[in-house]
Amino acid sequence: MSFQPIVPIGGLSGWNFLNSTLATQKQAFDSGPRITRDTEYFEQKISQIASAEDLVADRRLLRVALGAFGLQEDLDNRFLIRKILEGGTENPDALANKLSDSRYKDLAQAFGFADQAKPNTQTPGFGVQITANYKTRAFEVAVGDQDQSLRLAMNAERELAKIAMESNSDSEDTLWLRIMGNPPLRKVLETTLGLPKTFAQLDIDKQVEIFQDKAASQLKISSLTDLRDADLRESLIERFLLRDQLSATSSLSSNSIALTLLQSSPPRF
């Protein structure tokens, strides 16, 4: 039986417990039979893959490839994935560039089937790199099976650190667009900053402006380079978990009140 992460409590307390036991829990999870079989198979076979067609034809390889980018739910969408991989990212009209979810672009760039003479599957160490990402994501999925908010927090901590390190090469607006194009990451930032559900209906440039203004006033983030500070990222995650827990509690209270009123109402005949 595969190891399942231990998450005895949610919210900020659950986050602290998870971090204090992360190394031990992840080692046990990574050593499980399913993860071991998947990653060993990928590392052995991926160098033989020379095209997107080859990749989507092998379900086991595709499962790891998609899982490494948080796209495991697209395992049965092989036609879509093939088109994304074959289109690459250098052409502005490429499918990956037209999709709002930036994870598809990350997938296409990583494999490089379209934009270079030899795909990255032929590069030494590529398989190990992808399986490392797959293990990380798979552990987060397992955590999410018990507490989705903790999964979102783990994803956000990792992704924000990566974006902060890339902030020298891209403009501030471009990086915010990347955050907005990553659904799990966007949800964390919207919750952290207290943005309403209708926020996504605004003009895209207005959304970027509001994100930047709110991040500066509430989180003291004047530039995404500030997120290179681990303490600042941790403060953001803590704020997300507290707001998320408060929202869940408020929703539960409202439902309880409504149920009480319904139960106390006299029957009508």
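Contact here means heavy atoms within 4.5 Å. With that cut-off, residues 24 or more positions apart account for 62% of the contacts in the chain that have a separation of 6 or more. The model is predicted, so to speak of local features takes a pLDDT of at least 70, side-chain atom pairs count only at pLDDT 80 or more, and totals for chains, interfaces and linings use all residues. Residues are numbered from 1 along each chain as its sequence is written, and side-chain values use heavy atoms, with hydrogens and water left out.

**Overall layout**

The chain has 13 helices and zero strands; helices (H or I, at least four residues) and strands (E, at least two) are DSSP runs, numbered from the N terminus. Along its principal axes, the C-alpha trace spans about 70 × 50 × 50 Å. Of the 269 residues, 42% count as buried, where buried means under 20% relative accessible area, exposed over 50% and partly exposed in between (1.4 Å probe, protein chains only).

**The core**

A nonpolar core is a set of buried Ala, Val, Leu, Ile, Met, Phe, Trp, Tyr and Cys residues joined through side-chain atoms within 4.5 Å. The largest one holds 69 residues, and Leu55, Ile81, Phe111, Leu189 and Leu236 touch the most other members. Helix 9 (residues 148-165) gives the most to this core, with eight residues. Leaving aside residues up to four places away in sequence, Ile81 touches Val56, Leu62, Leu66, Asp74, Tyr104 and Leu107.

**Helices that meet**

Let's turn to helix 11 (residues 183-192), whose axis can be compared with those of helix 9 and helix 12 (residues 204-219). Axes are lines fitted to C-alpha atoms, for helices over the stretch in contact, and angles run from 0 to 180 degrees between N-to-C directions. Angles under 35 degrees count as roughly parallel, over 145 as roughly antiparallel, 65 to 115 as roughly perpendicular and the rest as oblique.

| Helix pair | Axes come within | Crossing angle |
|---|---|---|
| Helix 9 and helix 11 | 9 Å | roughly 100° |
| Helix 11 and helix 12 | 10 Å | roughly 55° |

Helix 9 and helix 11 cross at roughly 100°. That makes helix 9 roughly perpendicular to helix 11. In this contact, Leu152, Asn155, Ala156, Glu159, Leu160 and Ile163 of helix 9 meet Pro184, Leu185, Lys187, Val188 and Leu189 of helix 11. These residues divide into eight nonpolar, one polar and two charged, with Ala, Val, Leu, Ile, Met, Phe, Trp, Tyr, Cys and Pro counted as nonpolar, Asp, Glu, Lys and Arg as charged, and the others, Gly among them, as polar.

Helix 11 and helix 12 are oblique to each other. Their contact is made by Arg186, Leu189, Glu190 and Thr192 of helix 11 and by Gln207, Phe211, Gln218 and Leu219 of helix 12. Here the division is three nonpolar, three polar and two charged.

Helix 10 (residues 172-180) has Leu175, Trp176, Arg178, Ile179 and Met180 as its buried residues. They pack against helix 7, helix 9, helix 11 and helix 12.

Gln109 is found in helix 7 (residues 102-111) and is partly exposed, with a relative accessible area of 42%. Not counting residues up to four places away in sequence, Gln109 touches Thr89 and Asn120. Phe79 lies in helix 5 (residues 78-87) and is exposed, at a relative accessible area of 64%. Phe79 and Val56 are 23 residues apart in sequence and 8.2 Å apart in space, C-alpha to C-alpha.
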